[in-house]
Amino acid sequence: MRNNKTIDAEHLRLVKKEEQYWQQILKRLMALVRVLSMQNLAFRGTHEKLNTAGYRNFLKFVEFLALFDALMDEHLRKIKDNETHVHYLAKYIQNELIHLLFNAIKQKVLTSARDAKYFSIIIDCTPDSGHVEQLTMIIRFLDVISNPENGIAATASIKEHFLDFVPLKEITGAGMAETIIKQLGKMSLSIENIKLLCKLNLLVF
């Protein structure tokens with residue numbers, strides 16, 4: 001009472017320190033996922049353990065980062081010495097980080113598309129390894145950027161972005177139309193604003 005501290009103050013301090021530690025680890029891993037994705041590099045190889053022949057870019061870049069980053073170096077030491085079994089380096093975490101970044105980028109693209117109002121979509125269908133027909137959706141719209149503060153007139157450019165892979169229950173025209181309308185509704189894009197619907201290819205095996 002005299003020091004104006006609670007009994008669990010030290011415990012809360014340690015919890016906060018641990019929280020900040022994991023935030024910094026995740027921040028580095030998110031940055032790594034972004035770089036690998038932008039460069040179209042494979043994440044995983046035949047093995048998923050550190051210091052094992054056959055693992056690919058994600059774990060290799062984590063080790064490379066540890067050469068210059070004290071926090072990541074300490075993190076890898078804890079893993080090596082079995083001081084922690086939670087490391088956020090597993091393939092499931094990698095997939096989740098990719099999914100989180102994808103959703104963030106997708107929402108930004110959809111916001112720009114809604115601002116542009118009119119858009120077109122390009123679709124393509126092809127089966128995956130499990131022989132499930134996948135509908136690929138790509139959106140195109142005119143992106144207008146104005147810079148009144150810099151005295152520069154508005155500039156316009158055509159943007160084309162991948163939106164999603166959507167499993168098809170039916171590969172008929174009606175089935176595809178129903179799927180497209182449903183997906184546009186989920187993305188809050190009005191079908192009335194579509195100016196062109198272009199289907200590239202349909203492969204059925």
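Trainee: Which residues are linked in a network of salt bridges?
Mentor: This is a predicted model. By the salt-bridge rule, the count comes to seven. The residues linked in a network of such bridges are E74, R77, D81 and E83.

Trainee: D69 forms a salt bridge with which residue?
Mentor: D69 sits in the loop between helix 2 and helix 3, and its partner is in helix 1, 41 residues apart. D69 is buried at 16% relative accessibility, because the cut-off for buried is under 20%. With the closest N and O atoms 3.0 Å apart, the partner of D69 is R28.

Trainee: Is K106 buried or exposed?
Mentor: K106 belongs to helix 4, residues 91-116. Its side chain makes a polar contact of 3.3 Å with that of D164. The relative accessible area of K106 is 13%, and the cut-off for buried is under 20%, so K106 is buried.

Trainee: What separates K16 and E19 in helix 1?
Mentor: Their side chains meet in a salt bridge, 3.6 Å from N to O. K16 is partly exposed at 44% relative accessible area, and E19 is partly exposed at 37%. The two are three residues apart in helix 1, so the separation is about one helical turn.

Trainee: At what angle do helix 2 and helix 3 pack?
Mentor: The contact is made by V62, E63, L65 and A66 of helix 2 with M72, D73 and L76 of helix 3. By class, it has five nonpolar, no polar and two charged residues. The helices are oblique to each other. Their axes are 7 Å apart, and the angle is about 120°.

Notes
Residues numbered from 1 in each chain as written. Predicted model: local features only at pLDDT ≥ 70, side-chain atom pairs only at ≥ 80, totals over all residues. Heavy atoms only, no water. Axes fitted to C-alpha atoms, helices over the stretch in contact; angles between N-to-C directions. Helix = DSSP H or I, 4+ residues; strand = E, 2+ residues; numbered from the N terminus. Parallel < 35°, antiparallel > 145°, perpendicular 65-115°, else oblique. Contact = heavy atoms within 4.5 Å. Nonpolar A, V, L, I, M, F, W, Y, C, P; charged D, E, K, R; others polar. Buried < 20%, exposed > 50% of the residue type's maximum accessible area, 1.4 Å probe, protein only. Polar contact = N/O pair within 3.5 Å; in protein donor to acceptor, adjacent residues only side chain to side chain. Salt bridge = Lys/Arg side-chain N within 4 Å of Asp/Glu carboxyl O.
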